Protein chains: 2
Amino acid sequence: MVEFEPVMLAPIAGALALAFAGYLTFKILRQSPGTPQMRELSGTIYRGAMIFLNKEYLVMVVYAVIVAIILALVVNYQTATAFTVGAFFSALAGNVGVRVATKSNARTAAAAKRSIGRGLMVGFSSGAVMGMCVVGLGILGVSIFYYLFGDPQIIVGFGFGASSIALFARVGGGIYTKSADMGADLVGKIEARIPEDDPRNPAVIADNVGDNVGDVAGMGADLFESYVGSIIAAMVIGFTGVTIGGVALGQTDVVVLPMLLAATGIFCSIVATFFVRVGKGAGIKTLHAALNKGVFGSAILMAIASFFLIWYTVGYLEIFYAMLAGLIAGIVIGLSAEYYTENRFSPVQSIAYSSQTGPATNIISGFSVGMISTLVPIIAIGAAILLAHHFVGLYGIAIAAVGMLSTLGMTLAADTYGPVADNAAGIAEMSGMGQTVRKRAERLDAVGNTTAAIGKGFAIGSAALTALALFAAYIQRVGITPEKLSITNPPVIAGLFIGGMLTFLFCALTMRAVGRGASLVVSEVRRQFRTIPGIMERKAKPDYDKCISISTSAALRNMAPPAALAIVTPIAVGLIPFLGPEALGGMLAGAIVTGLLLAITLANAGGAWDNAKKYIEEGRLGGKGSETHAASVIGDTVGDPFKDTSGPSLNILIKLMSMAALLFVPLFI
Amino acid sequence: MVEFEPVMLAPIAGALALAFAGYLTFKILRQSPGTPQMRELSGTIYRGAMIFLNKEYLVMVVYAVIVAIILALVVNYQTATAFTVGAFFSALAGNVGVRVATKSNARTAAAAKRSIGRGLMVGFSSGAVMGMCVVGLGILGVSIFYYLFGDPQIIVGFGFGASSIALFARVGGGIYTKSADMGADLVGKIEARIPEDDPRNPAVIADNVGDNVGDVAGMGADLFESYVGSIIAAMVIGFTGVTIGGVALGQTDVVVLPMLLAATGIFCSIVATFFVRVGKGAGIKTLHAALNKGVFGSAILMAIASFFLIWYTVGYLEIFYAMLAGLIAGIVIGLSAEYYTENRFSPVQSIAYSSQTGPATNIISGFSVGMISTLVPIIAIGAAILLAHHFVGLYGIAIAAVGMLSTLGMTLAADTYGPVADNAAGIAEMSGMGQTVRKRAERLDAVGNTTAAIGKGFAIGSAALTALALFAAYIQRVGITPEKLSITNPPVIAGLFIGGMLTFLFCALTMRAVGRGASLVVSEVRRQFRTIPGIMERKAKPDYDKCISISTSAALRNMAPPAALAIVTPIAVGLIPFLGPEALGGMLAGAIVTGLLLAITLANAGGAWDNAKKYIEEGRLGGKGSETHAASVIGDTVGDPFKDTSGPSLNILIKLMSMAALLFVPLFI
């Protein structure tokens with residue numbers, strides 16, 4: 001009989017997460033999909049999302065095959081296998097998430113007809129499916145490869161596979177969603193003066209598809225990468241040995257612990273999903289409180305459970321403190337994002353007020369809010385690094401990242417709920433449901449916007465910590481002496497400059513891609529308004545599919561240059577004579593620092609502009625239709641690629657480059 | 001009899017530069033100041049500038065006294081003396097520069113009436129006065145204190161004095177100029193629809209004053225700081241010893257060499273001013289070529305002269321290569337700024353085209369141009385660092401900075417010419433000079449805009465290299481071992497994050513200050529339009545002085561928080577237990593990297609938006625009055641604080657923090 005070993009908790013937790021996801025999906029599909037019109041809208045969005053994903057997969061498969069061959073030749077076939085499975089698992093999680101999300105949008109709207117609590121249930125369950133698929137497949141993959149090979153360095157291949165898919169999903173999805181969104185807004189809202197989500201707008205479905213491929217598949221792949229990346233980094237560092245107070249810990253203990261922490265987090269997340277409940281006629285505050293109960297509940301459960309876990313397995317509470325530092329930093333970053341992007345607080349209001357003197361002051365004000373919002377997250381991350389390292393060295397930093405991401409099953413559920421509620425509100429609007437239902441759907445959507453903003457902050461923070469952990473693992477593996485990594489060593493300085501510059505360049509390329517995609521969509525929407533008679537009178541249906549296919553091809557074409565930048569540069573810098581592995585180290589550090597700052601600025605400025613517009617739309621400062629409102633719409637539009645394309649893509653950039661550096665270490669030594 | 005020693009070249013060059021400045025001033029004042037109306041306008045601008053400067057001096061004196069006392073207590077009285085003189089010299093150079101500039105604007109316009117070549121002569125001479133005062137006072141100060149004390153560390157006090165004044169001049173001047181400019185534009189151009197530089201606008205004189213206190217005094221103080229900072233850094237590093245190929249160079253040789261290089265640069269600059277000549281009826285290209293002949297001519301002369309200087313004094317051409325690397329990097333950065341901000345090239349044109357879909361796409365496009373424009377300067381600086389260090393170690397990096405700044409007398413002349421020509425065009429417009437003269441003045445202004453953009457790029461590049469040199473000097477003085485400065489050491493990582501974050505915060509604070517100042521000016525202009533009858537019909541004169549005093553007090557009040565941030569943070573980080581001197585090192589590195597990237601982005605985005613607007617105003621894409629033009633005006637307004645307040649202020653931040661770190665080393669060890 002096989003004796004039970006703690007490590008077996010990991011695949012068990014993974015299987016349980018997937019089973020729970022299956023159960024939730026079953027429950028969702030049993031809900032009514034609403035009226036025929038709602039079903040049709042939902043179906044169009046579903047098909048649009050599948051068109052995009054299938055075309056994207058084609059690109060991914062070609063890429064994956066090439067990289068797998070290179071890995072098999074340059075590294076070894078095990079790593080190549082792990083890479084392929086990592087890519088497949090990440091794509092699978094994203095695919096299931098999008099499928100369920102697009103099946104849930106109309107069902108959420110239909111459920112909201114019965115009560116707002118039921119609407120929340122359906123929308124949140126859909127988010128939980130995504131959350132569970134990501135953590136389930138993530139931990140399964142890592143633990144299987146650990147079981148097969150026992151060497152964490154091979155599992156880096158799994159992480160690199162996940163990173164690669166994340167790149168395509170985040171960058172491609174981000175370009176898609178904002179090309180469609182901006183294209184729809186620039187003609188629809190500004191030129192034709194029809195409201196958001198108006199079915200007469202030919203780009204409206206593409207916009208809704210974008211919410212799914214960007215915010216569901218993109219966000220999911222991003223956090224899948226962080227999740228497995230942090231676990232793998234901790235395992236790689238653990239493999240080279242960890243000492244606390246001069247005592248060397250058991251190698252297996254420290255290698256296995258990250259997986260056990262992740263498994264514990266999954267159990268806590270599943271339990272916490274049951275905390276998310278509201279009664280009938282709940283307001284925004286109650287809805288918000290319900291979701292918070294889930295997020296904070298899972299974190300508290302995790303803090304308690306991991307205390308005992310660490311106490312009974314490794315026996316050193318220093319590791320617990322390191323984990324706790326990461327867990328708390330994640331919450332602080334999320335709350336800070338909420339403060340800077342919520343209507344209720346002064347930053348957003350100051351943007352709304354400065355819109356009174358026109359779009360220019362609106363832009364400047366939003367931009368400065370974004371920049372100021374870097375203060376708290378940087379202090380949180382800095383403190384987490386210092387504390388975690390103080391207790392357990394570099395391993396501590398990786399454990400802090402694992403801690404921050406341990407309850408991902410729950411945080412991602414709350415996060416993915418956002419775009420589902422957004423779609424549900426759109427469907428309620430487009431299918432002409434009654435006033436009450438639309439109000440409910442809008443309330444669900446408003447709460448979703450907040451969770452999405454918090455989720456974005458969390459994604460950024462976890463990406464930075466994960467990238468740092470991977471960076472630490474890279475440094476350990478490549479074996480450069482500390483004095484060569486001094487910030488006075490010119491290759492390191494040059495590396496810092498190059499890394500920082502890459503994040504700016506990457507941002508610019510993704511922004512420009514959105515600009516190009518949007519202008520193609522604009523031309524198409526104008527063309528349809530001009531050539532299809534009767535659209536405005538609702539007598540003729542616009543050609544939604546055309547806008548979908550234009551956004552798709554724009555996204556896929558324009559994602560190549562930034563993708564190439566992210567993959568080629570670390571390898572090139574590591575190999576170029578005057579630079580080499582220490583410059584690569586500097587480059588990673590520079591990219592992580594600058595990337596984190598830029599990502600926070602872009603995400604929070606974008607979120608704040610969005611909500612400043614909503615603040616005015618609620619009837620303040622002249623309300624809808626005023627000059628002030630027009631100014632705020634411009635800020636919101638500028639913020640679109642900031643918060644949904646360039647900002648989130650930076651998460652991928654810093655992790656992918658660190659992962660590539662770690663993976664290709666054999667080339668550099 | 002005293003034997004002639006090479007080091008005496010330094011004060012001689014300084015005295016010569018000042019004498020040459022005196023001669024040029026004499027020549028300018030002999031020119032006709034134009035019609036009574038022109039004299040009156042020029043006089044109002046002059047008085048406005050003096051009001052601002054005098055109030056600013058009050059703040060500076062209080063600050064300087066407090067810091068001098070602290071320095072005398074904490075460091076020593078010699079350093080306190082050097083600090084006071086440094087502050088005084090910097091303020092003096094700025095004051096003379098502004099006085100001459102405000103005496104030259106009407107004279108430039110009047111001279112342009114005779115011929116465009118004479119207009120260029122007067123405007124450029126005014127710029128040359130500023131250039132010569134800066135380099136003359138700079139080298140005099142450094143060489144006098146070297147003669148008095150012989151210890152470079154004491155001369156750091158002189159640099160810190162210059163840094164402090166630069167902070168007030170750049171930040172205060174930057175807030176002033178853009179509060180007035182944006183305030184004037186937001187009401188004048190957008191609400192009242194009167195043209196730029198229209199005398200009916202109550203804020204128009206404040207705007208012209210701003211050009212002088214921001215672009216003349218601010219820019220001058222910025223480069224004064226870079227100039228003395230680079231020389232001092234090289235001397236400090238030289239003092240601790242320099243070896244080339246295992247051979248130790250003579251201490252005095254390497255300490256004195258930076259001053260000799262600077263002296264040589266002054267001679268070359270004076271000669272090169274005579275290259276700037278054009279015939280009658282010269283077009284923009286010819287004007288541009290004349291200025292370029294001066295800038296490139298001085299660089300080529302410097303390359304030749306310094307080759308012989310280094311060959312005959314130190315004898316190691318490795319130092320020459322390091323200097324050359326800096327000189328070339330400076331030119332590359334300037335040319336790159338020209339490419340990204342000039343009408344003739346595709347980046348600006350792409351912004352103009354994207355204005356066709358409204359302000360939002362204009363903003364996104366300009367922002368991405370700014371970010372992409374970091375690529376070339378980063379490569380140039382990175383290459384200069386690697387090469388300079390390859391040849392002579394850390395000393396080489398400082399020498400590269402000295403090389404880049406050696407011909408500052410000339411580059412600053414071309415640069416200061418910009419605001420003088422701008423004012424001249426404004427006076428030509430306001431005093432209703434004939435069509436021909438206004439066209440000539442506009443042409444002079446257009447060339448000035450280009451030189452200003454190049455000058456901005458150069459100021460940024462030299463600030464980064466100077467800050468790096470000071471950073472290297474700090475590291476040498478504080479004596480931390482390289483392994484403690486490893487980018488894997490958590491205090492260093494935390495420092496990198498904090499330093500990067502400070503630049504974002506500093507940017508946000510300065511932007512916000514402009515927003516606040518502008519909104520006060522907006523209210524005042526609106527009030528005057530409302531309460532002073534007959535302004536619009538040109539029957540009553542607006543109250544210019546009121547707008548001047550509002551901008552002044554807004555600038556002085558809002559400059560405190562960013563100033564405090566710049567001065568207090570390095571000292572605090574160096575003293576806080578968990579952080580300390582190695583975190584301070586990381587902080588400086590993080591601030592230099594991120595600050596450079598941000599500064600380039602902001603300067604070039606701002607310049608590109610400005611010229612995209614001008615591109616459309618020249619009649620393209622619908623020309624003035626079209627929707628496309630309106631969109632481009634918004635981008636231009638957003639760019640104002642980007643390129644003239646926040647961007648340039650970052651130069652000061654990174655240098656001042658490095659200087660403070662170097663100065664307060666005794667506190668940390």
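Through which surface do the copies meet? In this predicted model, local features need pLDDT of at least 70 and side-chain atom pairs count only at pLDDT 80 or more, while totals for chains, interfaces and linings use all residues. Residues are numbered from 1 along each chain as its sequence is written, with chains lettered from A in the order in which they are written.

As for the opening question, 100% of the interface residues of chain A turn up as interface residues in chain B too, so the copies meet through the same surface. Superposing chain A on chain B takes a rotation of 180° with 0.0 Å of shift along the axis, at an RMSD of 0.0 Å (least squares on the C-alpha atoms of residues with pLDDT of at least 70 in both). That is how a two-fold axis relates copies.

Each chain puts 63 residues into the contact, where contact means C-beta atoms, placed from the backbone, within 7 Å. On the side of chain A that touches chain B, α16(A) gives the largest share, 18 residues; helices here are DSSP runs (H or I, at least four residues), numbered from the N terminus. That side of chain A splits into 41 nonpolar, 20 polar and two charged residues, with Ala, Val, Leu, Ile, Met, Phe, Trp, Tyr, Cys and Pro taken as nonpolar, Asp, Glu, Lys and Arg as charged, and the others, Gly among them, as polar.

On confidence, the complex gets an ipTM of 0.94 and a pTM of 0.94 from the predictor. Chain A has a mean pLDDT of 91, with 99% of its residues at 70 or more; pLDDT is the predictor's per-residue confidence, from 0 to 100.

Definitions and conventions
Two residues are in contact if their C-beta atoms, placed from the backbone, lie within 7 Å. Helices (H or I, at least four residues) and strands (E, at least two) are DSSP runs, numbered from the N terminus.
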